[in-house]
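User: I have a model open and I'd like to learn how to read it, one feature at a time. Could you walk me through it?

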Amino acid sequence: MLSLVIVAVLNKSIGVFYKLSNKTILPDLFAPVNIQIVNGYQTQIRQSAIVSATMLVTMALLWVTPATLILIMGIAFLVSAGLDWQFRTRSNLSSDSVVTVKLDRHRSWPTWSLLYAVLGYLVDATIAVAVPWLVVSKLHSHWPLSWFLTANATGILLAPLLLKRWSKQSLLTLTAFTGGCLLLMWPTFASLMITMFLIGALRGQINISFFTTIQQIPTNNRNILMTGVLTVIDTTTVIGSLLAPRLILMLGSWTLPLLGGGILLFCLTRLIILLNNQKQSSSDIDENC
């Protein structure tokens with residue numbers, strides 16, 4: 001039991017380490033104008049790696065014992081950590097030559113952007129629990145789940161391509177569309193298949209836009225900034241995973257549509273407030289003129 005706990009903690013720690021490392025090193029390696037494109041490539045590579053690793057590990061377990069496989073993965077981690085160190089060395093050497101874009105030093109902390117990210121990770125955690133439950137309890141089968149997960153992974157993989165023209169859409173707009181998709185997530189094969197793909201595409205683009213926004217914030221210590229951001233969103237994932245079963249017990253098949261309705265209502269309220277503020281600002285300018 002102790003060994004399982006240690007392996008589980010180390011496995012999760014490695015994931016957090018790489019997420020923090022990758023997100024903090026990009027602004028040093030690439031010009032700010034290219035970060036969104038790089039984040040798009042990184043999203044595609046990460047999703048491809050998840051699918052490939054799942055297939056490889058599953059096949060490897062047919063011939064290799066779990067303990068041996070864990071040892072191989074540990075060695076692979078040490079190799080990848082060495083490559084990561086080389087990237088950090090390269091970023092320190094090339095930081096002076098990187099093209100920079102002057103940013104507004106008075107730009108405030110993106111509280112709303114972080115809130116939209118929290119809503120997105122809450123959606124991820126709820127879907128991770130609710131969709132398998134819907135497949136078993138409502139569709140009375142197991143095989144559709146693999147199709148739904150494949151559709152979701154395909155949406156994430158294609159997000160930078162499908163939503164290329166939406167790359168400049170606000171996080172508010174993308175979050176509102178996510179809520180709209182959740183409204184359509186009813187326990188039928190066609191509905192879940194389509195919405196899982198759309199959710200994957202939207203969530204992929206939201207992650208790209210969100211981390212690009214965070215990476216472009218002027219700061220003297222990006223590690224501390226990104227650590228705080230990852231702490232918030234990872235905590236949201238944990239809370240969402242704990243609350244999702246309780247929501248399912250209370251709401252049943254209405255869990256995802258009601259969550260989507262709440263998110264959509266929040267986004268519409270936020271949009272109305274923004275429009276009113278813009279009208280008020282325009283009125284003030286007209287009066288001053």
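User: Let's start with S141. Where is S141 found?

Analyst: Keep in mind that this is a predicted model. S141 sits in the loop between α4 (111-137) and α5 (143-162).

User: Is S141 buried or exposed?

Analyst: The idea is to look at relative accessible area, where under 20% means buried. S141 comes out at 15%, so it counts as buried.

User: And what does S141 touch?

Analyst: Leaving out residues up to four places away in sequence, S141 touches V135 and V136. There is also a polar contact between the side chains of S141 and W143, at 3.1 Å.

User: H140 is in that loop too. What is the phi of H140?

Analyst: H140, also placed in the loop between α4 and α5, has a phi near 55°. That is a positive value in a residue other than glycine. As for accessibility, over 50% means exposed, and H140 has 64%, so it is exposed.

User: Moving on to W147, which helix is it in, and how accessible is it?

Analyst: W147 is in helix α5. At 46% relative accessibility, it counts as partly exposed. W147 touches F189 and M193, again not counting residues up to four places away in sequence. F189 is 42 residues from W147 in sequence, while their C-alpha atoms are 9.4 Å apart in space.

User: How do I go about finding empty space inside a protein?

Analyst: Rolling a probe the size of a water molecule over the atoms shows where empty space is left.

User: Which residues line the largest cavity?

Analyst: The lining is made by L119, G120, V123, T175, T178, I206 and I263. Helices α4 and α6 each supply at least two of the lining residues. The largest share, three residues, comes from α4.

User: Let's zoom in on V123. What does V123 touch?

Analyst: V123 is placed in helix α4 and touches T178, L182, L259 and I263, not counting residues up to four places away in sequence. V123 has a relative accessible area of 1%, so it is buried.

User: What should I look for in a helix such as α2, and which of its residues are buried?

Analyst: An α-helix has 3.6 residues a turn, so residues three or four places apart point the same way. In α2, the buried residues are I35, V38, N39, G40, T43, Q44, Q47 and A60. Helix α2 covers residues 35-60, 26 residues in total. From first C-alpha to last it reaches 36 Å, close to the 38 Å expected at 1.5 Å a residue.

User: Last one: where is the confidence lowest, and where is it highest?

Analyst: Where pLDDT is low, the predicted coordinates should not be read in detail. The chain averages a pLDDT of 83, and 89% of the residues score at least 70. Among the elements, confidence is lowest in helix α3 (residues 66-94), with a mean of 72, and highest in helix α6 (residues 171-183), at 94. Over residues 93-107, pLDDT stays under 50. For that stretch the model has 15 contacts beyond four places in sequence.

Terms used:
Residues are numbered from 1 along each chain as its sequence is written. This is a predicted model: local features need pLDDT of at least 70, side-chain atom pairs count only at pLDDT 80 or more; totals for chains, interfaces and linings use all residues. Side-chain values use heavy atoms; hydrogens and water are left out. pLDDT is the predictor's confidence in each residue, from 0 to 100. Helices (H or I, at least four residues) and strands (E, at least two) are DSSP runs, numbered from the N terminus. Contact means heavy atoms within 4.5 Å. The expected span of a helix is 1.5 Å times one less than its number of residues. Buried means under 20% relative accessible area, exposed over 50%, partly exposed in between (1.4 Å probe, protein chains only). A polar contact is a pair of N or O atoms within 3.5 Å; within protein, one must be able to donate a hydrogen and the other to accept it, and residues adjacent in sequence count only if both atoms are side-chain atoms. On a 1 Å grid over the protein atoms alone, a cavity is a set of points where a 1.4 Å probe fits but cannot get out, and a pocket is an open set with protein on both sides within 12 Å along at least five of seven lines; lining residues have an atom within 4 Å of a point.
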